[in-house]
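Here are some notes for a colleague who is opening this structure for the first time. Please read them with the sequence and the model side by side.

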Amino acid sequence: MSATSDLKGRGPMLLAMVLAVLGYQINATMLSPALPDVIERLGTTTAAAGLSQTLFFLMAAIGQVTLARLSDQRGRKPMMIVCAFVLIAGNLLCVFAPNIEIFIAGRVLQGISAAMFTLAFLTLNQLLTPAGFGKAAGIITAVNGGLAGVDAIAGGQIADTIGFRGIFVCSTLIAVAGLIGVRTYVPDVPATAVDGRFDSRGIAALALGLTGILVGLAQGAAWGWTSVLTLGFLLGGLASLVFFVVSQKTAANPVIDIEVLASRRAWPLLLTTVCTLGGAFGAIALTIPLFSQDARVGLGLSAVTAAVLFLTPIQLIGVISAPLTGRLGPKIGWRTIVVTGAVANFAIFLFATFFLHNEWILVASLAALGVTYGGFMLTGLNGLAVTTAPKDKPGSLSGLNGACFGIGASLGIALASAMITAGSDAGGPTEAGYQHAMYTALALLGIGVLTAFLIQRPDPAEAPAEAPQPVLAHH
């Protein structure tokens with residue numbers, strides 16, 4: 001199929017894709033300020049609410065790997081329609097959830113639908129010229145981090161008035177509009193030829209392994225670290241991951257290229273991504289929203305106020321700084337961008353951790369993360385994954401890095417939830433629990449600094465003439 005020369009006449013198709021990805025994205029950004037409302041209305045615990053967030057981001061990583069790979073064989077549009085139906089089903093479960101168990105099931109389905117982002121980029125890349133793709137990708141990417149903080153404020157307002165269920169009603173309406181738009185305006189594009197069968201065994205082992213370990217970490221404090229249940233999840237997950245690695249060596253069409261993974265251009269980068277997302281999400285998506293609204297030991301703010309002060313600045317500044325970082329990266333080097341961002345993130349989080357009770361220092365610290373995290377790290381990690389990939393496998397590292405965004409986010413939330421739960425008393429979370437969660441985030445970011453320095457410097461001779469577009473993960 002010949003590519004179009006520009007975006008002329010593609011407005012309805014692009015709008016349909018924007019609605020399709022927005023239906024998923026607001027479930028990632030609008031719910032954070034509403035977590036205390038979820039806990040109260042469902043009569044559940046911080047640990048269970050944290051588990052719902054952990055599984056949401058974990059399934060986002062697995063969904064992107066699985067459904068994007070399936071679309072190579074089944075076609076992009078059919079898999080986009082599957083994503084839309086899965087999202088709608090997950091939303092309805094959360095709207096009518098009578099308890100936390102049904103709510104978690106809904107969050108799992110919503111997370112899987114994150115593949116809509118990757119499918120949208122792959123579809124646009126097949127339909128448009130490089131120039132047209134760049135413009136369209138910029139529009140989709142604007143939705144990638146939310147709506148410049150407006151969605152976080154809206155989430156807080158909905159939580160303060162009609163409750164968290166209203167967020168999923170909004171998402172459902174947008175997802176239905178996106179589904180209709182995709183069916184009507186997104187053309188069928190030919191499936192790409194893929195050698196070998198889809199590695200369903202590898203995907204299953206990866207999903208079971210990551211789920212076992214992350215659920216064990218998230219619930220260990222509540223179940224007891226030496227309990228049969230905790231050890232079963234942790235050891236079972238570890239065994240599944242070992243089987244996954246072994247199976248990839250003999251799979252006809254492996255999920256992960258072990259040869260690429262073992263290179264110093266890959267594993268330090270992937271660990272940096274996991275640790276950066278882990279530290280940031282553990283604090284921003286769980287600890288700070290809960291702490292800021294905790295009237296007993298926290299700041300006692302409303303959901304709207306907490307969103308305006310602590311979530312909106314990061315997203316708003318990130319929308320501005322990310323494109324600027326994209327222009328700066330090729331000039332000074334993507335590795336320099338990542339190392340600089342990692343060091344700056346650690347310094348800012350160190351300040352925020354020790355001044356957690358000082359509202360305005362905390363606001364200023366999180367606003368600064370809009371540049372160092374939302375701009376430097378998120379853009380730099382994607383750019384570095386593209387420029388350091390082997391010439392003969394240009395998309396291998398981008399795909400792995402995209403999955404690590406979700407893995408890191410789910411790990412950070414799991415650990416933060418465990419720390420808050422371990423520090424709770426009869427009255428609920430304590431100041432020590434929140435502080436330990438921030439220390440954990442800080443430790444992850446510290447590891448990320450070390451691994452950033454270990455990333456192999458790109459060889460200019462290996463840079464492709466026209467680098468492939470980075471796989472942009474949700475965040």
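1. In this predicted model, helix 10 (residues 200–223) and helix 11 (residues 228–248) have axes that come within 7 Å and cross at roughly 155 degrees. Angles over 145 degrees count as roughly antiparallel, and helix 10 and helix 11 are therefore roughly antiparallel to each other.

2. The crossing of helix 10 and helix 11 is left-handed. As for the residues that make up the contact of helix 10 with helix 11, they divide into 15 nonpolar, 11 polar and one charged.

3. Turning to the nonpolar cores, the largest of them has 139 residues, and those with the most contacts inside it are Tyr24, Leu31, Phe103, Phe281, Phe310, Phe349 and Tyr373. The element that gives the most to this core is helix 3 (residues 46–74), with 14 residues.

4. When its neighbours within four places in sequence are left aside, Phe349 is in contact with Gly279, Ala280, Ala283, Ile284, Leu369, Met438, Leu442 and Leu445.

5. Leu350 lies in helix 16, which covers residues 334–354. Is Leu350 buried, partly exposed or exposed? Its relative accessible area is 33%, and because buried means under 20% and exposed over 50%, Leu350 is partly exposed.

6. Leu350 can also be compared with Ser365: the two are 15 residues apart in sequence, while their C-alpha atoms are 9.4 Å apart in space.

How values were computed:
Residues are numbered from 1 along each chain as its sequence is written. This is a predicted model: local features need pLDDT of at least 70, side-chain atom pairs count only at pLDDT 80 or more; totals for chains, interfaces and linings use all residues. Side-chain values use heavy atoms; hydrogens and water are left out. A nonpolar core is a set of buried Ala, Val, Leu, Ile, Met, Phe, Trp, Tyr and Cys residues joined through side-chain atoms within 4.5 Å. Buried means under 20% relative accessible area, exposed over 50%, partly exposed in between (1.4 Å probe, protein chains only). Helices (H or I, at least four residues) and strands (E, at least two) are DSSP runs, numbered from the N terminus. Contact means heavy atoms within 4.5 Å. Axes are lines fitted to C-alpha atoms, for helices over the stretch in contact, and angles run from 0 to 180 degrees between N-to-C directions. Angles under 35 degrees count as roughly parallel, over 145 as roughly antiparallel, 65 to 115 as roughly perpendicular and the rest as oblique. A crossing is left-handed if the near helix is turned anticlockwise from the far one by less than a right angle, and right-handed if clockwise. Ala, Val, Leu, Ile, Met, Phe, Trp, Tyr, Cys and Pro count as nonpolar, Asp, Glu, Lys and Arg as charged, and the others, Gly among them, as polar.
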